[in-house]
Structure formats: C-alpha cells, structure tokens
Amino acid sequence: MIETRPELKNISDYVPGKSIEEICEQYGLQSAVKLASNENPLGPSPKAQKAFCEMASSLHLYPRGNAPHLISAIAAKFGVPKNQIVLGNGSDEIIDMVGKAFLQPGDECLGISTTFSVYRATAILYGAKYVSVSQSPERPSLDAYLQAVTPKTRMVFICNPNNPTGFYYSEKELLDFLAKLPRDILVFLDEAYLDFATAADFPNLISQMESHPNLILNRTFSKIYGLAGIRIGFAFASPEVSAAIWKVKPAFNVNIAAQAAAESALLDDEHIRLSLEVTEAGKAFLTSHLEKLGFVVLPTQANFLCIKIGEKCKELVEYLERNGMIVRHLKSFSLPEWIRVTIGKPEENQLFVDLVQKWKAL
Ligand SMILES: *Cc1c(COP(=O)(O)O)cnc(C)c1O
C-alpha cells in the first residue's frame, strides 16, 4: 500500500457544479442551462476573447511568471502598489498558496460551515484545524469569530458576500472586527463577488490595507470578468504577506492567454456594466417570482440566490436536471434543504421559474 500524507484522509473531493455536457449525456438532452457555478451569463468580455485569440501564435512560449503587464493594469485600476498584488491560477490557488506560506500543523483557522469548502480543505491539507464558528445559514456576528480565537488561531476566512448565502458584513463591522482581532492573525477576506454588491455600506478595504498588514483581499477573474474557464485570480496583501506568497508561487502558474485575457477584461467597463445590469434585473425578477411561489429567498449581495426548498430539495434538483436546468444543491455546503441559483439571462431565469412552478404543481 502506498501511504499518502495523513492529512489527505480528512479531505473530501471538491463537489463542483455539474457541467452542461454531463447533464446532456445523462438525460439524453440536446442542450441545458447552467445556473450552478455563478459564471457570467453574458460570457467573457469580447475584448478578452480577442486578446485570448491573439495569443494563439505564442503558445510555444513560457509566460512571464511575474506577469508585469497584468500587474501594472491591476495596480492602475485599483490604486494598489505592485508589490501588494499576487496572482493565482484561479483564486483557488491563491488560497492554497496562503495555506502553504502561513499554515503549520497545530494551527487553527476560523470560518463557518455554510461557506466555500476550499477554506476547510486548505486548512486541513496544511495540518491546521478548521474551526466552524457557525453551522447555520444565518449570518454569525463577527464577535463569534473573536470569541473562538485561541493562542493557536492563525487565520480567519471570511467570504464577503458569502457564498452560498449571499449575506455580507459592512465596512464598519469589518473595521471594528479588525481592530479587536490580534494583529498576528491573518484575515483572508474573500471578495470574489464584491463587484456585484450594491449596498451603500459594502466595504472597500483597499485604503485600510496599510493599517492592517494582516489583511488579504481576494478577488477573481472568474465571476464578473467572465473568465472562470481560463483560471486566474488575484489578491491584495501587505508587502510582507505578498512576498511570502510570491515565494511559494509555482513559477508559471498563470498562463499567457490568461494574462492577456485578464488584462483586457479588466478594462472592459462596458461588459462589466452590462453584466451588472443583467444581474440586478434578474435578482429582482427571480426573488419576486420565487417568493410568490412561497419559497424563502435569502437577501443577496452576489450574483446568486440561496433558496430554501425543504425536504424535497434533492427531488427538485433532479427534476430540473432532467429538464435541462442545472442548479447547485447545497448539500455539500451543509444545507441539504437549500439550492443556490446563479442569476442568468432573462430567458434562463424565466425557464427556471417555469420549471419550479411546474414541479410544485406535480
Ligand atoms: C467562485 C469563487 C471564487 C473564485 O475561484 P476561482 O478559483 O478564482 O475561480 C473564490 N471564492 C469564492 C467564495 C467563490 O465562490
């Protein structure tokens, strides 16, 4: 028998949203709509597509590991010094690099149960313990994290807005929390969905990084920028935290096509505006129709809705799949009676509502 590292025994495989291909094969369908992974329903920005295609003749060349053009573009857009920017093969890899650089066996990480599963898996992979401060879909107070701090606490994972429940913490709440938290504990603030947030008090903590060197702001090109398939994410952190992440970064982790596409996507304000418009309209449409059908829909600051279906949740998910509609069953997020639905294009949202209505009438 070949022995693995013992930590691997405690890590379950990541459960992704099902793919369109998979569902078409399984149910003999010609097409399906995927509202399961919070991808941009409008696709990648046309400018990013063009940049991607233009890289085709350079595919024999290694990428520049330090991605100077993209780093400059990110620095200019967000007003963050270049030595405070890190890039990953998706923000999944950024989470992994943070774990690799900072976690040791015996450390504790704080988080919640109903959130992105990669935080727990990463903590465990590096020998740390993932301590859930809440198991409920409701928003725990940030005091719950403070109360769970021990001398072993090394990192706190907060997803803002949270995937899959959509709740958020305001700027004031986070700043109060940061002021009370011991300053040697890292705060991994996952802002993958920040671009969709519309609340007036939603935080923008870039200006706070200087006074909080333990703060990591995680972003991604997978959501509003529409580049999930090409795998690229970025994060902002203090110069010392960034330098540690750069040390553990695989040399060529972000490929040349991703670097080029991301740089163009970043500057495509029109595509970002249209994406936001579709999300806002779809959010209002879906919420009102689902509430009329009697479902609990959690308020959201992201591009998805978290909906309580009840005991027959699995049945609905299968009914939808048979009819070519893929949504996310939240069993793997510790919410077996709930689904998460990505806000799609108007006709996709309409199809989802129609199918739920038909299922309910069965
Ligand atoms: C989608 C998502 C990301 C983005 O992951 P990538 O690896 O960049 O595609 C990060 N965090 C959360 C919570 C997400 O839902």
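Modeller: The side chain of Arg340 reaches the backbone oxygen of Ala36 at 2.7 Å, which falls under the heading of a polar contact (a pair of N or O atoms within 3.5 Å; within protein, one must be able to donate a hydrogen and the other to accept it, and residues adjacent in sequence count only if both atoms are side-chain atoms). The model is predicted, so local features need pLDDT of at least 70 and side-chain atom pairs count only at pLDDT 80 or more, while totals for chains, interfaces and linings use all residues. Residues are numbered from 1 along each chain as its sequence is written, and side-chain values use heavy atoms, leaving out hydrogens and water.

Arg340 belongs to strand 13 (residues 338–342); strands are DSSP runs of E, at least two residues, numbered from the N terminus. Arg340 is buried (under 20% relative accessible area, 1.4 Å probe, protein chains only).

Neighbours within four places in sequence aside, Arg340 is in contact (heavy atoms within 4.5 Å) with residues including Leu35, Ala36, Ser37, Asn38, Phe304 and Phe333.

As for the sheet, 7 strands form an open one in the order 2-8-7-6-5-3-4, with mixed pairing; two strands pair if DSSP finds at least two bridges between them. Strand 2 (85–88) and strand 4 (129–132) stand at the edges with a single partner strand each, so one side of each lacks a neighbour in the sheet.

Conventions:
Helix = DSSP H or I, 4+ residues; strand = E, 2+ residues; numbered from the N terminus. Buried < 20%, exposed > 50% of the residue type's maximum accessible area, 1.4 Å probe, protein only. Lys, Arg positive; Asp, Glu negative; His and termini not counted. Salt bridge = Lys/Arg side-chain N within 4 Å of Asp/Glu carboxyl O.
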